[in-house]
Structures are given as structure tokens and as C-alpha cells.
Amino acid sequence: MSSADGATTAAPRQEKPRIGVSSCLLGEKVRYDGGHRADRWLTDVLGPHVEFVPVCPEVGCGLPAPREAMRLTGDPVDPRLVTIWMGIDHTARMERFCRRALVELQRANLCGFVFKANSPSCGMERVKVYGQGSAPARSGVGIFARALMQRLPLLPVEEEGRLQDARIRENFLERVFVMHRWRGLLARGRSRRRLAEFHADHKLVLMAHGAAPLGEMGRLVTQVKDLSLPETFRRYLERLMRALRQTATVKRHTHVLWHVFSHFERDLTPDERQELIEVIDSYRRERVPLSVPITLVNHFVQKFRCPYLARQAYLNPHPLDLKLRNHV
Ligand code: SF4
């Protein structure tokens, strides 16, 4: 994301979303103890659908594996990266690495980043910071993670531990694939017509995250003519990624499903109508996962060839193999 709307110079369209990842999570033996923390969901389930860009900041900044373990010390807002036994301060070395690496990561057109939790380099939140007191404050951010999030504030980011939660996982991957489609839009070239099409494709996605951003972004696309194209794109992406950070609730998904229902209600036979009503209601009561009403809706969208619904990213937001909506 070298410009504020996520564009890099003449970026070609990527086949798969490119996701940065703390390399120990992919099984690389880069940890301080010479081991790894391979995450099987990342490597075996998500791996076939994305292109990983592995990064180990500690090895990247020139330290060996194995090495002396480190921790954050001092001010939680601006901590130092210091080895536990020898007290060697590696902060400056890490900051130099971050400056170099972030230039390359920006050029890589990432669609997301998965950090290793609790690491003084990679932890995204709640990393221990040791001060004068006996108990460490759990309010730190790893030095590399902080630098990356400051440089690419709109990039979807998560930690591997948080991705165990089905809703967080679904939300993260939804944002990753939205970012991937956004990059496809930029690769084709900016135009108001293309932005309007992108917005039309994502109406139901946005609706699932709240009505307010949908209206605001619709106005940005259709009514604001005095903004330059790059500024319009920048504002759109900023609002889009901010809106999608809000996890879509069962209540909001149910609202979207009723909205979809209203589009082909009159085409349904009485039995089909009853079936869809019951399935949506079962989802509302959390007796079935979201994948159940979505599968039925997709069947009717195919059957009735509804163009407005057929284009909606909401009905196919990420690869089915990931089974993300089987658990939300
Ligand atoms: S947590 Fe980050 S710095 Fe530590 S081994 Fe993994 S990738 Fe390297």
C-alpha cells in the first residue's frame, strides 16, 4: 500500500491474495530456541488459497537461530527490545530492519498479515512489557508489528491465537479477500465507473457490517464529484476497511438475509418460500450456521438468475473450502 488508496506502481493482478506471516508460524525454525510454531490451519487449510510472504524480524535483523530470548522493557508506549539474560538492547537493529522490510512489504501488495502472538517483535497486542515493578504490563506491541501497523494502517491484521475464534477468523478472511478484490480493481485502473461497480458488488457485505457505512460510501461514490479520483479512492478504502473491522453479528446477517429474501420472494413456490423462511429463522436462533441459509439463497439466486444478487460478494466472499461460515 504505497499510496493511501492501496495502490503501488503498475501492480499486476495477483491470482491469490498475498498474506504476510510471522515465518515461525509456517514451520520455519527461526525461533529463539531454534524451533518453530507451525500453525496447521495456516499451512494446510489457508495455505492453498493464498500466497504467503514469510517474515521473521529477529532473523531478518541479523540475529541467529537459536539466540538469546528477548523481551520488551521500559515504557509500554515506546519500549526497548532487550535480551533477557545479557541485557543486550536490540532496538536500533530491529528498527533498521523494519525500515528496510516495510519498503519491500509495501511493494508486495499484501492483503493481510498474520502475526505470532505474544512475541516482543511480532505480537500485535497485549505483549508483556517489563518495567520496574514485579509484574509486567500486558499492554505492549511487538516492535515490528507496531511499525507495520503504523505504515499500513488499513491492512487487515490478526494474530494466530485470535484466529482460533471462528468469528474473528471469518472477519479477517473476509477483509483479506475484499482487499484482494480491491487490488484487482486498482490493477485494472481507477475510474468512477469501476468504483461504482465495486461498491455495487459489496453492498450486502457492507450491509452486514452496518447500514451507516453503506449509505456514507454510496454517497461518496455517486454524489461527490469535486474530489479527485485518487482522493475518492483513498476515502472509499479508508471507510471500507474501517467498516469491515466491525464483526458482523447474527442480527445483521439475518437482516441481510431478509433483504435478499425480499428480492425473489414473489418467484418462490409456497414450499420454497416456507423453506427459506424456516432456514433464515433457524439461523437467527443460532440453530444452524450461516452457511446453511447462504447455500439455499445461492441455489435460488442461480435458479431465478437475479443479476443484483448474483454479483454480490456477500454470497461468495471467500473460498468455500475454508468452511468459514460453517462456524458463525
Ligand atoms: S515470533 Fe516473529 S521474531 Fe519470533 S521467531 Fe516468530 S517470526 Fe521470528
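**Stop one: a helix pair**

Helix 10 passes helix 12 in a left-handed crossing (the near helix is turned anticlockwise from the far one by less than a right angle; clockwise would be right-handed). To find the pair, select residues 250-264 for helix 10 and 291-304 for helix 12; their axes come within 11 Å and cross at roughly 25 degrees. That makes helix 10 roughly parallel to helix 12, a label for angles under 35 degrees. Axes here are lines fitted to C-alpha atoms, for helices over the stretch in contact, with angles from 0 to 180 degrees between N-to-C directions. Helices (H or I, at least four residues) and strands (E, at least two) are DSSP runs, numbered from the N terminus.

Before moving on, a word on the model. It is predicted, so local features need pLDDT of at least 70, side-chain atom pairs count only at pLDDT 80 or more, and totals for chains, interfaces and linings use all residues. Numbering starts from 1 along each chain as its sequence is written.

Now show side chains: L257, V260 and F264 of helix 10 meet P293, V297, F300 and F304 of helix 12 (contact: C-beta atoms, placed from the backbone, within 7 Å).

Next, pick out the open sheet of four strands, order 2-1-5-8, with parallel pairing (at least two DSSP bridges between two strands). Strand 2 (51-55) and strand 8 (157-159) stand at the edges with a single partner strand each, so one side of each has no neighbour in the sheet.

Terms used
Angles under 35 degrees count as roughly parallel, over 145 as roughly antiparallel, 65 to 115 as roughly perpendicular and the rest as oblique. Two residues are in contact if their C-beta atoms, placed from the backbone, lie within 7 Å.
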